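My entries follow in the order I looked things up.

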Amino acid sequence: MNRPRTILKFTAALAIAAAFPAQADINIGAVLPLTGATSALGIPSNNGFKLWPAEIAGEKVNVIILDDATDPTTATRNARRLVTEEKVDMLVGSVATPSALAIVDVALETRTPQLALSPVPVPAGRDTWTFRLAHSSTVMANAALAHMAKQGIKTLGFLGYTDAYGETWLKDMQELADAYGIKLVATERFQRTDTSVTGQTLKLLAAKPDAILVVASGSGAAMPHRALVERGYKGKIYQTHAAASRDLIRVGGKAVESAYVLSGPAVIAEQLPASHPSKAAASDFVQNYEQTFGAGTRNQFSAHVYDILLLLQQAVPEALKQAEPGTPAFRAALRDALENLPAIPVSQGVIDFTGSDHWGFTPESPVVMKIVDGDWVLETD
């Protein structure tokens, strides 16, 4: 794919282009945490849009981005504004799970497709209009537990967020661990805004688990990790895919050496075998992203946005056969097109959305990385 040029429109500068009488523009509304506790995820997601071309399937595409400030209430307000005032054909976001969960209600109420950038848990029947561009915690938990089992781990501690992201991971680990011969022996939680987890760390150390899973995101995942190491924990430490960011290494420093991190394959494209289904898309993403933002800047959050482009390049032509952008019929056609696409290799794995599965990523999509000398190293069997 040729290196695309960017078209990025913020709401304050949006101009109504009445000079294009034929087909209406396709408008995409994104709600991202550009400020606040999850901005380390939102900023690279924002950068991902800068790799988008000006057109998809021959139609002009406008991207309108609003900051949710890592606040679910703001995310709801922004999503509603994008649908009612900007008449967007699709919502993207958020990358923070609580905010993404808030947007689900807007998507359902307004019948607008939502492509969430986080593994947002939605009760059955309420995700009719919501698709996830992040791997499900179930898919990632199975990958983590399989790796733990191969490492001979028998007991596990849990240290995670109190919000939807942490609780979803905890539920999956509780349900899946026994099948791998692993026992969850200690569970501790903390708030995203906490600056210390000393009490939780001491309780985990007292339980003496073989490994500890930290469920946090971006640079925020470094604080609990460092606390465990500084208090003398010698076992193995695992991090979820929300921590697969250079910010973890930058903030964690020596403390995160030898940590295992779950991720999609995009951030480690060069180390993927040639036979890997995501090799081509991941390499293309890395080349385009780092040509724009510099060597070593790749991250999975911008990769998710890049993968949305790959999906829309397939789905938009089908939706255009049914309706014109800017209409409820087009939004419905776009949703239907996403559900009926064949399995597509993207930079973060293989996506196969169906009418009954809006998670998409296949079980083979995750990778496990190890931090060695301040860099990612792909774990292989």
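**Six-stranded sheet**

I started with an open sheet of six strands, which reads S2-S3-S1-S4-S5-S6 and has mixed pairing. Strand S2 (55-56) and strand S6 (130-132) each have a single partner strand, so one side of each is left without a neighbour in the sheet. I note that the model is predicted.

Strand S1 (residues 26-32) runs parallel to strand S3 (residues 59-67), and seven bridges join them. I looked up Gly29 and found that its bridge partner in S3 is Ile64.

Then I asked which helix covers these strands. Helix H11 (residues 328-340) lies across S1, strand S4 (90-93), strand S5 (114-116) and S6. Against S6, H11 runs at about 40°.

Ala57 sits in the loop between S2 and S3. Its phi is positive, about 55°, although Ala57 is not a glycine.

From Gly93 to Ser94 the bond is cis, and omega is near -10°. I placed Ser94 in the loop between S4 and helix H3 (97-110).

**Seven-stranded sheet**

I moved to the open sheet of seven strands. I read its order as S8-S7-S9-S10-S11-S14-S15, and the pairing is mixed. At the edges I found strand S8 (183-190) and strand S15 (375-378), each pairing on one side only. Ignoring direction, neighbouring strands here are turned by 25° against each other on average.

In what sense do S14 and S15 pair? Strand S14 (residues 367-372) and S15 are antiparallel, with four bridges between them. I picked Met369 and found its bridge partner in S15 to be Leu378.

Helix H6 (residues 198-207) lies across strand S7 (155-161), S8 and strand S9 (211-215). I noted an angle of about 175° between H6 and S8.

**Two domains**

I looked up the domain bounds next. The assignment gives domain 1 as 26-135 + 290-351 and domain 2 as 137-263. Domain 1 is therefore written as two segments, and domain 2 as one. Taken over C-alpha atoms, the centres of the two domains are 28 Å apart.

How many residues touch across the boundary? I found twelve residues of domain 1 in contact with 17 residues of domain 2. The area buried between the domains is about 1,200 Å², and carbon and sulfur atoms give 62% of it. On the domain 1 side, Pro119, His135 and Gln300 lose the most area to domain 2. Together these three residues make up 36% of what that side buries.

**Helix pair H9 and H10**

My last entry is a helix crossing. The axes of helix H9 (residues 279-293) and helix H10 (residues 300-320) come within 11 Å. They cross at roughly 115°, and the crossing is right-handed.

I listed the residues that make the contact. H9 gives Ala281, Asp284, Phe285, Asn288 and Tyr289. H10 gives Ser302, Ala303, Tyr306 and Leu310. I sorted this contact by class and got six nonpolar, two polar and one charged residues.

Key
Residues numbered from 1 in each chain as written. Predicted model: local features only at pLDDT ≥ 70, side-chain atom pairs only at ≥ 80, totals over all residues. Heavy atoms only, no water. Axes fitted to C-alpha atoms, helices over the stretch in contact; angles between N-to-C directions. Helix = DSSP H or I, 4+ residues; strand = E, 2+ residues; numbered from the N terminus. Left-handed = near helix turned anticlockwise from the far one by under 90°. Contact = heavy atoms within 4.5 Å. Nonpolar A, V, L, I, M, F, W, Y, C, P; charged D, E, K, R; others polar. Pairing = 2+ DSSP bridges. Buried area = accessible area lost by both parts, 1.4 Å probe.
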